Structures are given as C-alpha cells and as structure tokens.
Amino acid sequence: MFKSWKFWLGLTLLLALIWLVERSYGWDAVVQSWQSIPPQQVAIAILLMLLSYILRALRFYDFFWQQCRGQFLRLTRITVLHNFFNNMLPMRSGETAFPLLMKQHFDVPYRHSGPALLWLRLLDLYALLVLAALSLHTQLDVGNSVKLLLAAALLTAPLLVLPLQNALNRFLLAHPSKLANRGAELMHALPKSPWSFARALFWTLINWALKLAVYAWLLAQFLDLPYSQSWMGATTGELSSVLPIHGVAGAGTYEAGVLAGLLPWGIDHAKALAAAVNLHLFVLGSTLLLTALITLLTQRLRLPAKAADNG
C-alpha cells in the first residue's frame with residue numbers, strides 16, 4: 001500500500017482538506033453545527049440510509065438471481081463490505097472487493113462479475129445525471145425547446161442501450177474468433193431482456209433518489225437552503241464518488257463535488273465547505289455504523305457456504 005501513488009495522493013488530499021477546513025472555518029465550528037439538528041432526526045436519516053443499503057442489496061440480488069438465489073443475506077453482507085471498501089479506499093480500488101467476494105462466496109467468475117459491476121456503475125452515473133436534471137433544469141439559461149431536447153435525450157438513452165448491446169452480442173457470436181469469444185463472454189452477465197434491464201434501472205433510480213433526499217435534507221439543515229439547491233450539492237457530491245478519481249475515504253474529492261453544486265448559487269465559500277465536510281462526515285459515519293451492524297448480524301455468513309458446511 002505504501003508503494004502505491006494512489007495511497008499517497010489520497011493521503012495528500014486528506015491532509016490538505018484538514019488544513020483547509022481549519023484555516024477557512026475551524027473544526028470546532030464544523031462539529032458544533034451538528035447541535036442545531038435534533039438527534040431524533042439524525043437517527044431517522046441513518047434508518048433511511050439503512051433502507052438504501054437494503055435497496056442496493058436488492059438490486060444486486062435481482063441482477064445475480066441465478067447465482068445467489070435464496071442467499072439474500074449473504075449477498076447483502078457482500079454488498080455492504082463492497083460499499084465500505086469502496087468508500088474508504090482511494091481511486092476506486094475498493095471496487096475489486098465485489099468480484100473477489102462474489103468469486104469466493106458464489107463462484108462467479110471475474111469475467112462475469114467485473115463487467116456486470118461496470119455496467120451497474122454506468123447505470124449509477126445515468127441515474128445521478130437524471131436526478132441532477134430535476135433541480136438543474138430551472139437554472140439552465142436556454143430555451144424550453146433545448147430543455148425538452150435534453151430531457152428527451154436523457155429519457156430515451158436507456159431505450160437505446162439494450163438493443164445496441166444485444167446487437168453487439170449477436171455480432172460477436174456470429175463472427176467467432178478468440179477476441180470475439182472473449183467479448184461475448186464478458187457480456188454474458190449483462191441484462192438481455194427489457195424486463196431485466198427495466199428492473200435494474202428501477203432499483204438504481206429508487207435507491208439514488210432515497211440517498212439524495214437524505215443528503216439534500218442534511219445540507220439544507222446546515223445552510224438553510226431551498227431544497228432544490230441542496231439537492232444539487234448532494235448530487236454533485238455523489239457524482240464525485242462514482243467517477244474514477246477520489247481520495248482516501250473520498251476526502252477532498254467528495255467536498256469538491258459538493259462545492260461544485262453549491263457555489264453556483266452564491267453561497268459563502270467557507271460555509272459551503274463546512275456543510276460539505278459535515279455531509280461527508282455523515283456519509284462516513286453511517287457507513288462505519290451500518291457496516292459494523294450488518295456484518296455483525298451476518299457474522300455466521302462470513303465464510304463461503306461450502307466452507308461453512310465443511311466447518
């Protein structure tokens with residue numbers, strides 16, 4: 001780890017964030033701002049985050065139904081651990097946890113779980129862009145015809161993906177070669193029917209909508225913003241977590257993402273940074289708490305089913 005440039009870059013971003021927050025706002029003021037939010041409301045927000053974890057697990061369970069049938073709790077444990085490592089490790093290196101765990105527990109080949117995870121990440125990106133458009137469309141200084149064109153492009157994009165994907169798969173199968181066979185094998189786990197594609201899109205949209213609703217509410221508590229503005233800050237913050245570049249535990253890059261959505265509204269830089277840090281602290285705190293809770297409750301599933309039976 002200490003030989004990896006990713007680790008040192010992530011650590012540099014973390015230290016820079018700590019210095020910047022202290023210099024511009026002060027860590028004491030950041031922590032004290034939590035006193036304005038009743039503990040009961042924070043507890044409700046954490047419960048909603050738990051629901052989002054369950055929705056995320058349902059998405060993976062539906063996607064990998066053939067391999068994981070009857071093993072929802074085991075897959076929930078895997079998705080929670082994957083989310084934990086992905087949030088904590090720099091530069092998306094935590095993504096490797098999912099293929100490794102799927103191979104260990106369900107014997108899913110890397111050539112299937114890897115492309116499936118990438119496909120779902122692209123679906124995450126699409127969902128965030130759609131949800132960002134909900135608050136951004138009122139601020140676009142363009143005509144209604146352009147807005148309608150952009151909305152139509154966003155809404156019709158998923159309708160094009162499946163036909164193109166299936167056409168590419170048929171082409172690869174019809175022209176066998178070593179490269180074509182490998183390409184077809186990598187596409188093996190991707191949805192092939194409109195129904196399976198629609199279900200994956202549904203789980204993705206509903207999960208992200210819930211998460212953004214919680215994060216936007218929290219930002220609004222710290223900054224006293226209209227909900228549409230805090231929604232934009234929450235969305236751009238999450239966009240930074242989906243993109244390939246982020247620091248240790250997202251430090252620095254997550255805050256930059258939130259600021260990108262808040263500053264265009266004319267919000268004070270120091271207050272916006274403090275709110276972004278507090279939102280990030282909530283994300284990390286709820287991740288640690290819920291990961292500890294769920295992994296503890298599913299402790300008996302820590303070993304693959306076959307290994308547990310032999311033990």
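**Salt bridges and helices at a glance**

Arg 199 is partly exposed, at 23% relative accessible area (partly exposed lies between buried, under 20%, and exposed, over 50%, using a 1.4 Å probe and protein chains only). This is a predicted model, where local features need pLDDT of at least 70, side-chain atom pairs count only at pLDDT 80 or more, and totals for chains, interfaces and linings use all residues. Residues are numbered from 1 along each chain as its sequence is written, and side-chain values use heavy atoms, with hydrogens and water left out.

- The chain averages a pLDDT of 86 (the predictor's confidence in each residue, from 0 to 100), and 91% of the residues score at least 70.

**Salt bridges across the sequence**
- The count comes to seven salt bridges (a side-chain nitrogen of Lys or Arg within 4 Å of a carboxyl oxygen of Asp or Glu).
- Arg 199 pairs up with Asp 62, and their closest N and O atoms sit 2.8 Å apart.
- Since Arg 199 lies in helix α10 (residues 194-223) and Asp 62 in helix α3, this pair ties together parts that are 137 residues apart in sequence (helices are DSSP runs of H or I, at least four residues, and strands are runs of E, at least two, numbered from the N terminus).
- Asp 62 has 19% relative accessibility, so it counts as buried.
- Glu 185 forms a salt bridge with Arg 111, where the closest N and O atoms are 2.7 Å apart.
- That pair also links distant parts of the chain: Glu 185 is in helix α9 (residues 178-186) and Arg 111 in helix α7 (residues 110-136), 74 residues apart.
- Both ends are partly exposed, with Glu 185 at 28% and Arg 111 at 43%.
- There's a salt-bridge network too, made by Arg 59, Glu 95, Arg 121 and Asp 124.

**Two Asp residues in loops**
- Asp 107 is in the loop between α6 (97-106) and α7, and its phi is near 55 degrees, a positive value in a residue that isn't glycine.
- Asp 107 also makes a salt bridge with Lys 103, with 3.3 Å between the closest N and O atoms.
- Of these two partners, Asp 107 is exposed at 53% relative accessible area, while Lys 103 is partly exposed at 32%.
- Asp 224 is in the loop between α10 and α11 and has a positive phi of about 55 degrees, although it's no glycine either.
- With 69% relative accessibility, Asp 224 counts as exposed.

**Helices and the UniProt record**
- Helix α11 (residues 227-242) has 16 residues that should span 22 Å at 1.5 Å a residue, and its end C-alpha atoms are 23 Å apart, which agrees (the expected span is 1.5 Å times one less than the number of residues).
- α11 is mostly covered, as 13 of its 16 residues are buried.
- An unreviewed UniProt entry lists residues 42-61, 118-136, 148-168, 200-223 and 272-297 as "transmembrane region" (such annotations may be inferred rather than shown by experiment).
- Residues 200-223 are 100% helix and 0% strand in the model, with 34 Å between the end C-alpha atoms.
- Residues 272-297 are likewise 100% helix and 0% strand, and their end C-alpha atoms are 37 Å apart.
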